Amino acid sequence: MSATTTDLTRLVTVDADEAAQDVLLRRLTQSSALLTGHFALHRGRHSTAALRFRGLGRDPVFMRTAIDAIVARAPEELTRALAGAKVLTPESSGFFLGRALAARHGTSHVVARTDLRRLPTKTLVAGAIEPNDRVVLANDIASTGASLERLRELVVERGGLVVGVVLFAAIGSAGIQQYAARWQLPSRWLVTAQWKTYSPEICPGCRAGEPLISVTEFV
């Protein structure tokens with residue numbers, strides 16, 4: 001989809017000051033990162049839109065602006081948690097957010113291998129989680145918490161302590177809010193999607209017979 005900034009603001013909310021919002025929305029528009037269609041999310045949910053983060057993650061101006069905006073409005077509990085904590089991400093697009101976050105705080109970036117569905121596995125490809133390590137989970141986009149839960153389990157099995165969650169975007173933020181509340185994790189995301197997700201039974205794309213595309217193709 002080739003969107004104007006006005007189109008984009010109908011689909012996403014960016015939680016940043018005016019200057020950062022301008023940069024982020026302009027880059028999102030120029031990158032064509034926002035796609036429309038019929039997309040399969042994790043845990044069986046479907047969506048009429050998808051956000052492709054990989055190209056944005058390689059943009060240093062965008063990433064600096066995004067990380068600064070995330071940190072600027074992070075809850076105090078998360079700000080404290082970030083100090084000295086390792087940052088754990090999957091090796092997919094969330095890698096770029098985690099790398100930038102770890103660099104900003106001068107801490108270690110740990111990377112988990114992903115499977116064919118682009119979900120994190122319990123194998124690390126970079127860094128290490130040691131007993132008693134404090135760890136912040138970071139990813140590009142989350143909708144149900146499935147990826148975050150795999151990362152959390154990885155940390156727990158190694159004796160670490162998960163202390164927070166940082167995302168670029170939340171698709172259907174209620175699910176992520178519930179996930180963070182369940183584990184009492186302070187959390188922050190910069191972009192909230194303003195579109196709905198559906199079960200296959202009520203999905204408009206399914207009803208219209210549109211091709212179903214897995215979002216894993218874009219991460």
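Strand 2 and strand 3 of the predicted model form a hairpin with five residues between them. Strands are DSSP runs of E of at least two residues, numbered from the N terminus. In the turn of the hairpin, Arg43 has a positive phi of about 60 degrees. Leu35 has Ala50 of strand 3 as its bridge partner.

Strand 3 also runs antiparallel to strand 10, to which two bridges join it. Here Ser47 is positioned opposite Thr197 of strand 10. Five of the six residues of strand 3 are buried, so this strand is largely enclosed by the rest of the structure. Buried denotes under 20% relative accessible area, with a 1.4 Å probe and protein chains only.

These strands belong to an open, mixed sheet of four strands, ordered 10-3-2-11. Strand 10 (197–198) and strand 11 (213–214) are at the edges with a single partner strand each, so one side of each lacks a neighbour in the sheet. Two strands count as paired if DSSP finds at least two bridges between them.

Residues are numbered from 1 along each chain as its sequence is written, and side-chain values use heavy atoms, with hydrogens and water left out. Local features need pLDDT of at least 70 and side-chain atom pairs count only at pLDDT 80 or more, whereas totals for chains, interfaces and linings use all residues.

Conventions
Buried < 20%, exposed > 50% of the residue type's maximum accessible area, 1.4 Å probe, protein only.
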